[in-house]
Amino acid sequence: MNQTLRRSLSTAVCIALCTVLPMAFHAIPNGGVLFSPMHLPVLLCGIVTAWPFGLLCGISGPLLSFLLTGMPGAPMLPQMMVELGVYGFVSGLMMQLVKTRNSMAKVFTSLVTAMLMGRIAAGAARAFIFARGSYSFPAWVTSYFVSCFPAIVMQLVLIPLVYLALEKSGFLGSEMR
Amino acid sequence: MNLLGAYNPGSSLLHRLDAGVRVIVFSLFAASILLLDGYGFIISLAMLLLLYRASGVPILPQLRSIGRFRAFFITVFLMNAFFQPSSDSFFSWWIITFSWRGIAMGLRMVISVILMVVLSSLLTAVATPVSIADGLRTVLHPLSFIGIPVDQAAMIVSAAISFIPVLASESESILLACRSRGAVPEGKNSIARARSLVPLVLPVFLAAFRRADELSLAMEARGYRGEKGRTRRKGMHVGKAEIIMLLSGGLMLSLSIIVKGVL
């Protein structure tokens, strides 16, 4: 089977989920803000496919969602593209770099590293480009770790579960990993 | 309600433009807005009013939608007004400096962002997402000569657009099924809430990846061998309207550069 095509289409569904999941989460009171649903498909895309696909998903996911639904708002769009782009890129790269037979250890390492790097990149982007001179360390900690704590927990619970389910269903054959 | 980002069907000059040319023209106008400030904002505003008039898209609903971001605009303004270091401050304490320079900078930033949002919402009002993806593919195509897989990326984005309605209806069914079984996110602590989302999110992801798998099999069975060497049904078309809009964009950018130099 053509693995590049399979990876491409997996990326396409992840990009589509960047638009669909936030719409579904908005049905839950405050769900969009609490659970950052757009982060899930991007992190998973990097982990399941590879870093170029993860990067594309992270950049085009929020852009497409903005074009179709107006969410995230235009002022937030550039910094979200930076954050999610780094998530997709680092999670995919870490899956290639970490060499272990335990797939769950690999997924957790990639996930945690990507989540941390994405937050650092987004904070740096806000501090030096999008909100230059008016952004502080406490504001970064509050917005990227405290207010979105439920989202962090959900990502750490759900992504390994989805990966495990995909592995069991045979979607992640040895050629995809 | 005309939300930001919503397509507004029509047959105006901007609606009929070639997808690639439209992306180039809007980039030229965006560059002009970014260059201009101070009195230049009047020129940007006049340009936007003209573009909205030419497109037949009403501007007032777009402006009302921008009101949703007022908290963001107020924060940007206050951050600049109170934290901009300045020698001519009329109030200063610790890191807080309130000055005319800060106020002016805050206002400039807010106006620039609003104008850019108004322009980008016009682009999404006159072009469907597929057409914007096509336009980007045409404009970025030269990058493929240095090894960047632009065509493949455009194919992925186009496929994503066609997946959205299918996945949206699937996730809605799953959400309704979850609700009918009483499986709604609850619990006070975040771990419990996150756990209660598993029955909703897990099937959505599995269904999505199953669809990707099925489509890749179908495409391969029909002889799809990647974007390389693929031909297109519709090529780039540059007619009178496209030339007029390209000239207008170029003229606007030149004017902005001159005004920026003079002011």
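User: Hi! In what order do the elements of chain B run from the N terminus on?

Analyst: They go α-α-α-α-α-β-β-α-α-α-α-α-α. Helices here are DSSP runs of H or I with at least four residues, strands are runs of E with at least two, and both are numbered from the N terminus. A heads-up: this is a predicted model, where local features need pLDDT of at least 70 and side-chain atom pairs count only at pLDDT 80 or more, while totals for chains, interfaces and linings use all residues. Residues are numbered from 1 along each chain as its sequence is written, and chains are lettered from A and ligands numbered from 1 in the order in which they are written.

User: OK, and how many helices and strands are there in chain A?

Analyst: Chain A has eight helices and zero strands.

User: What share of chain A is buried?

Analyst: 54% of its 177 residues. Buried means that 20 or more other C-beta atoms, placed from the backbone, lie within 10 Å of the residue's own. For chain B, 31% of 263 residues count as buried.

User: At what angle do α1 of chain A and α8(B) pack?

Analyst: About 45 degrees, with the axes 6 Å apart; α1 of chain A spans residues 3-25. That angle is why α1(A) counts as oblique to α8(B). Oblique is whatever remains after under 35 degrees (roughly parallel), over 145 (roughly antiparallel) and 65 to 115 (roughly perpendicular). Axes are lines fitted to C-alpha atoms, for helices over the stretch in contact, and angles run from 0 to 180 degrees between N-to-C directions.

User: Which residues meet there?

Analyst: From α1(A), they include A:L9, A:V13 and A:M23, and from α8(B), B:M155, B:F163 and B:L175 are among them. The residues of this contact divide into 19 nonpolar, five polar and no charged.

Note on methods: Contact = placed C-beta atoms within 7 Å. Nonpolar A, V, L, I, M, F, W, Y, C, P; charged D, E, K, R; others polar. Buried ≥ 20, exposed ≤ 12 C-beta atoms within 10 Å, placed from the backbone.
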